[in-house]
Amino acid sequence: MRANYLLIEIASMKVLGLETSCDETGIAIYDTENGLLAHKIYSQIAQHAEYGGVVPELASRDHVRKTLPLIDEVLQEAGMAKNQLDAIAYTSGPGLVGALMAGATIGRSLAYALSIPALGVHHMEGHLLAPMLEESQPEMPFVALLVSGGHTQLVRVDGIGEYRLLGQSLDDAAGEAFDKAAKMIGLPYPGGPQIAALAKQGNPQSGLKFPRPMTDRPGLDFSFSGLKTAFLTAIHAALDEERCDEQFKADAALAFETAVVDTLVIKCRRALEAEGLKQLIIAGGVSANLRLRDQLEKQLRKINGRVFYARPEFCTDNGAMIAYAGAQRLMNGQSSGLSLSIRARWPLSELPSIKAS
Ligand code: KG4
Ligand code: ZN
């Protein structure tokens, strides 16, 4: 990233955000003066469901089909013409390379045609900043729990681009664990919302209990693969004994969800205490989980802490978070130049601080 546009005189910007890193095409326009003007999300979930997970080639092709029509729709919703846009932000990683290429190519080309700057945005920075689109926002510094299908990370946030990794999953991400557990009991992808819905029918007194991995030792790292194995073992045992009925599955879903949530809550509290901070942001698909929100609210109240999160549609992948995150950097003169740099993997800590620009 480099500062190659002089924006000193610009008081506000209308930024078009494009998110195409996985299986959602998210398009939005964020105005740094008036907030979010319009946003649309097209989910490909139905197309991938029969394969039990995201098929990268299908995802890329669908982003190519949907991005331009959705850009027209958000422009219409915002009552704007293309030439009223001041900049374009597109997700440039981490994610599926073909899917990222689709959004980046369209975003970069459109910016070139309009002679406006474009910026490649880090998908997880987008998630991290999504709660800033809501009315109730934390002040920096705070701790962020990033919980998506590909990431489970605790990060100390001192400013935009000032991120220090405090802990992360050593194996599966929390969302991935939900997805795999759901698959084991025949629920469709994505498994998180499916497990959460089934868990509502579960009996808390069923006696089923799964481990809270790595909570019995110090540190802020996570591991969810053992929990997944414990879940599978319980399902196999119930199948062998012919008691794997709908009630058993619901009890197992509840025990699984509770184990993941308890583990996340214990580590969040520990991270806040270690950093001497009181504010926590939760972001990414799993932050839509109501049990997680509820438990964090209860547990953090005990230490005078507060949890902040985005509305459910901005917890999972969306264009608004990319438009917002991009706007913060573009306003500081950062942009990506003409060449495209797409990254399947991209540590959050490599991002430059906006103070540096
Ligand atoms: O952030 P996201 O939309 O995509 C990635 O960047 O990965 O997160 C998707 C993940 C999936 O694993 C999905 O199962 C999980 O978030 N998820 C949930 C819930 N809603 C989505 N997990 C638990 N409870 C939910 N309500
Ligand atoms: Zn995501």
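**Close-up views of a predicted model**

**View 1. Buried face of helix 3.** Helix 3 buries Ala99, Leu100, Ala102, Gly103, Ala104, Ile106, Gly107, Arg108, Leu110 and Ala111. Buried means under 20% relative accessible area, exposed over 50%, partly exposed in between (1.4 Å probe, protein chains only). These buried residues pack against strand 1 (14–19), helix 2 (56–78), strand 4 (87–93) and strand 5 (118–122). Helices (H or I, at least four residues) and strands (E, at least two) are DSSP runs, numbered from the N terminus. This is a predicted model: local features need pLDDT of at least 70, side-chain atom pairs count only at pLDDT 80 or more, and totals for chains, interfaces and linings use all residues. Side-chain values use heavy atoms, without hydrogens and water.

**View 2. The end of helix 3.** Serine 115 follows helix 3. Its phi is positive, near 55°.

**View 3. Glutamate 275 and arginine 156.** These two form a salt bridge, with the closest N and O atoms 2.9 Å apart. The pair links helix 8 (residues 246–275) to strand 7 (residues 152–159), 119 residues apart. A salt bridge is a side-chain nitrogen of Lys or Arg within 4 Å of a carboxyl oxygen of Asp or Glu. Glutamate 275 is buried at 19% relative accessibility. Arginine 156 is buried too, at 14%.

**View 4. Arginine 291 and glutamate 257.** Their side chains meet in a salt bridge (2.8 Å, N to O). Arginine 291 lies in helix 9 (residues 290–301), glutamate 257 in helix 8. Arginine 291 is partly exposed at 29%, whereas glutamate 257 is buried at 3%.

Terms used: Residues are numbered from 1 along each chain as its sequence is written. Chains are lettered from A and ligands numbered from 1 in the order in which they are written. Contact means heavy atoms within 4.5 Å.
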